[in-house]
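User: I am new to this structure. Can you show me how to read its pockets?

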Amino acid sequence: MAKHEFPKVETRLYINGKWVDGSEGKAPVTNPATGETLAEIHLGGEKETQEAIDAAKAAFPKWSTMAPSERAKVMNKMADLVEEDAERLATIMTMEQGKPLSQAKGEIQTNVENLRWNAAEGQRIIGDIIPSPDTNQWQVRKQPVGVVGAITPWNFPSNMIVRKISPAIAAGCTVILKPAEETPFSALALMELFDKAGLPEGVVNIVLGEASTIGKMLSESDDVRKITFTGSTEVGQTLNEQAAPTLKKVSMELGGHAPFIIFPDADLEAAVDTLIETKFANNGQVCTSPNRIFIHKDIKEKATDMIVQRMEEVTVGDGLDDPTTGPLINQEGVEKVEEQMKDATEKGAKILFGGSKMTDGDFANGNFFEPTVLDGVTKDMDIFYEETFGPVIPLITFEDEEQVIKDANDTVFGLASYFFATNIHTIDNVSNKLEYGMVGVNDTGISNSATPFGGVKHSGFGRENGTYGVEEYIEVKFVTIRTAK
């Protein structure tokens with residue numbers, strides 16, 4: 001792996017339109033592929049968080065009453081600058097997060113689409129006139145909820161930010177953003193462009209620092225009227241508890257444990273190709289990644305052979321070299337996969353491909369784990385119930401349609417699910433009975449700017465993207481006007 005120079009990017013906090021030093025010292029950010037320190041970021045705490053809340057609160061009256069078309073102009077300028085700077089943004093993301101460069105570029109393009117889509121949708125927030133039985137006029141007005149606290153994860157360090165900021169500011173809200181500690185530079189690089197685009201001071205603020213401190217302040221503040229969070233179920237539960245006393249709006253996109261079911265009548269080649277492509281995107285570190293692969297017994301042997309054969313084409317390396325898959329985010333991620341593999345094999349599962357941490361040569365200093373196929377997975381294994389967040393394909397055999405639906409639903413999570421079939425009755429039955437917020441039928445493309453994204457059960461509540469995403473940042477007000485005696 002050749003050594004690459006990290007692009008120049010801000011390292012400070014961004015509050016009220018200014019880059020400011022943090023009062024809590026600095027912290028290094030490392031490249032998960034090499035273990036090298038990229039740069040140090042400034043850290044803030046309670047002081048900076050309160051300053052950001054105050055700035056967002058002060059900016060809200062003007063931003064929220066600005067003509068939607070004027071807000072759209074700023075957002076479209078933001079989109080233009082992101083598109084122009086896509087190469088640099090993707091390089092920053094790959095070096096701090098590890099994903100292959102082509103995937104990082106795709107994420108940046110999604111940002112552009114998301115900004116433009118929400119810029120337009122913000123101009124279509126339309127209220128209602130309800131017919132009154134008398135001479136009153138009944139109006140339903142939709143107004144921005146207010147100041148938003150947005151807390152984002154490291155696995156999609158750019159798009160998770162834009163997916164929250166875009167609908168929020170399109171609706172007229174102002175934002176305090178807390179990006180993940182592991183991947184702050186993607187956020188800071190975006191903010192450089194948003195500032196350049198002319199986003200007014202206080203509309204978006206970035207606070208870096210201890211997640212528990214900043215998250216608690218945002219959740220407990222009466223001035224913050226909405227919390228939006230993407231991350232683990234455990235942290236989401238804590239934030240929800242902290243937010244409850246202030247009765248603010250909350251939306252949570254939490255963990256997932258997606259089933260991927262291949263029925264006997266499926267287009268097997270399409271199913272296997274899609275599985276490989278989807279499973280190893282971002283090295284399996286995706287909340288919608290296929291985590292339990294159910295294959296009908298009649299095609300199990302053939303499908304398994306095809307999967308193992310396709311694994312030979314999967315490449316691993318530094319994301320800047322654009323392999324199929326890169327490193328895990330940190331050593332803890334590697335250890336979790338190792339623990340699941342150890343538990344499964346001790347209980348009878350067989351490793352058909354991969355199965356170990358990669359430590360030779362260029363892999364020695366990074367967080368790499370071999371792309372893996374694990375066969376004979378059963379319910380007594382941790383991997384059946386625990387989200388893996390790594391490059392492992394666990395194979396499970398099934399015989400009956402109703403039983404596989406039951407097994408697929410046998411999880412506390414309910415984010416994404418997928419199945420491959422051609423029989424219309426199977427498609428209708430399974431898509432109706434899967435207890436998930438999103439179902440992909442012969443397809444895994446479930447994240448789009450125009451379509452609702454989110455889960456049920458312990459995968460959270462609320463939706464991002466689409467009209468439904470904008471509605472998360474809206475309050476509904478009823479006004480009755482007496483027009484005559």
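Analyst: Start with the term. A pocket is an open set of grid points with protein on both sides within 12 Å along at least five of seven lines. This is a predicted model. About 760 Å³ of space lies in the second largest pocket.

User: Where does the second largest pocket lie?

Analyst: Look at who supplies the lining. Domain 1 (13–254 + 459–478) and domain 2 (258–441) both give residues, so the pocket lies between them. By class, its lining has 18 polar, 8 nonpolar and 6 charged residues.

User: How is empty space found in general?

Analyst: A probe the size of a water molecule is rolled over the atoms, and this shows where empty space is left. Here, the largest pocket holds about 900 Å³ of space. It has 39 lining residues, and W154, F229, G231, S232 and V235 are the closest to its centre.

User: Which element gives the most to the lining of the largest pocket?

Analyst: That is α8, with 6 residues. The lining has 15 nonpolar, 15 polar and 9 charged residues. Domain 1 and domain 2 each supply at least three residues to it.

User: What does UniProt place at residues 19–479?

Analyst: An unreviewed UniProt entry places the feature "domain: Aldehyde dehydrogenase" there. Over residues 19–479 the chain is 40% helix and 21% strand.

Note on methods: Residues are numbered from 1 along each chain as its sequence is written. This is a predicted model: local features need pLDDT of at least 70, side-chain atom pairs count only at pLDDT 80 or more; totals for chains, interfaces and linings use all residues. Side-chain values use heavy atoms; hydrogens and water are left out. UniProt positions are given in the numbering used here, feature names are shortened, and annotations may be inferred rather than shown by experiment. Helices (H or I, at least four residues) and strands (E, at least two) are DSSP runs, numbered from the N terminus. On a 1 Å grid over the protein atoms alone, a cavity is a set of points where a 1.4 Å probe fits but cannot get out, and a pocket is an open set with protein on both sides within 12 Å along at least five of seven lines; lining residues have an atom within 4 Å of a point. Grid points are joined across faces, edges and corners, and a volume is the space filled by probe spheres set on the points. Ala, Val, Leu, Ile, Met, Phe, Trp, Tyr, Cys and Pro count as nonpolar, Asp, Glu, Lys and Arg as charged, and the others, Gly among them, as polar. Domain bounds come from an automatic or database domain assignment.
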